[in-house]
Structure formats: structure tokens, C-alpha cells
Amino acid sequence: MSSTKLVIRLNDEERAKLDKLKEKTLLTQKGIIRNILLGYNIPVKVPDSYTNFMRHINSLSYYTFKLKVQADIASANQLDQIEQLDHNIEEIMKLALSFI
């Protein structure tokens with residue numbers, strides 16, 4: 001596969017837009033332009049705080065699963081409470097995903 005050098009001239013406003021887009025993604029400027037030309041989506045950086053939040057929510061989900069297993073042996077009332085907790089965690093995850 002051969003490669004061709006391409007020179008693109010941008011005015012100040014276009015360059016500022018490209019720089020702003022570069023701050024929001026993990027791609028280089030070259031990668032951004034290549035993705036645009038090929039019709040690919042430009043992946044957006046996810047903040048560390050979001051990643052940490054989702055990690056904690058996932059661990060809560062895991063522990064509710066463990067509680068369900070134990071509650072099957074215990075009582076139906078406990079199982080209902082755990083089911084409600086699990087439902088609340090799912091709703092929180094949906095809400096969190098809507099922010100990205």
C-alpha cells in the first residue's frame with residue numbers, strides 16, 4: 001500500500017475547530033481527518049470520573065447478584081428488596097450512559 005502526502009490549508013477558525021475536536025478525542029489531528037474522510041465516527045474521550053463511577057456501579061450490581069443468590073435461601077421479602085435495588089442500579093447505569 002502506497003501513501004500520498006496531502007497538505008491541507010486551514011484558516012484560523014477551521015484550525016481552532018480541529019484543535020477543539022482533538023481535545024475531545026484520543027485521536028491525532030491526522031487520525032481525525034482520516035476518520036472524517038473515511039466516514040468513521042470520531043471516538044470521544046470518556047472522563048476518568050465517569051469510568052470510576054461505572055466501575056463502582058458495576059461492583060454494586062455484582063454484590064446485588066450475590067445477595068440474590070443468598071436471599072433465595074433466606075426469604076421472599078429480602079429477595080424483593082434486592083430486586084428493587086438491582087432495578088435502581090440498572091436505572092442509574094442507563095442514566096449514566098445517556099451522558100456520553
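This is a predicted model: local features need pLDDT of at least 70, side-chain atom pairs count only at pLDDT 80 or more; totals for chains, interfaces and linings use all residues.
Together with Leu6, Ile8, Leu10, Leu37 and Leu38, Tyr40 forms a nonpolar patch on the surface, for which the accessible area amounts to about 660 Å². Leu37, a member of this patch, is also among the exposed residues of H2, a group that includes Lys30 and Ile36. H2 is followed by Gly39, whose phi is positive, near 80°.

On the other side of H2 from these exposed positions, Gly31, Ile32 and Asn35 are buried. Seen down the helix axis, the buried residues of H2 fall within an arc of 100°, so they line one face of the helix. An α-helix has 3.6 residues a turn, so residues three or four places apart point the same way. The buried residues of H2 pack against H1.

The loop between helix H1 (12-23) and helix H2 (29-38) contains Thr25, which counts as buried at 3% relative accessibility, the cut-off for this class being under 20%. When neighbours within four places in sequence are left aside, the contacts of Thr25 comprise Ile32, Ile42, Pro43, Val44 and Lys45; of these, Ile32 is one of the buried residues of H2. With Pro43, the side chain of Thr25 reaches the backbone oxygen at 2.5 Å.

Key: Residues are numbered from 1 along each chain as its sequence is written. Side-chain values use heavy atoms; hydrogens and water are left out. Helices (H or I, at least four residues) and strands (E, at least two) are DSSP runs, numbered from the N terminus. Buried means under 20% relative accessible area, exposed over 50%, partly exposed in between (1.4 Å probe, protein chains only). A polar contact is a pair of N or O atoms within 3.5 Å; within protein, one must be able to donate a hydrogen and the other to accept it, and residues adjacent in sequence count only if both atoms are side-chain atoms. Contact means heavy atoms within 4.5 Å. The arc is that of the directions from the helix axis to the C-beta atoms. Patches are made of residues with over 30% relative accessible area and no salt bridge: like charges are joined within 9 Å, nonpolar side chains (Val, Leu, Ile, Met, Phe, Trp, Tyr) within 5 Å. Accessible areas come from the Shrake-Rupley method with a 1.4 Å probe; for residues, only the protein chains shown count as cover. A salt bridge is a side-chain nitrogen of Lys or Arg within 4 Å of a carboxyl oxygen of Asp or Glu.
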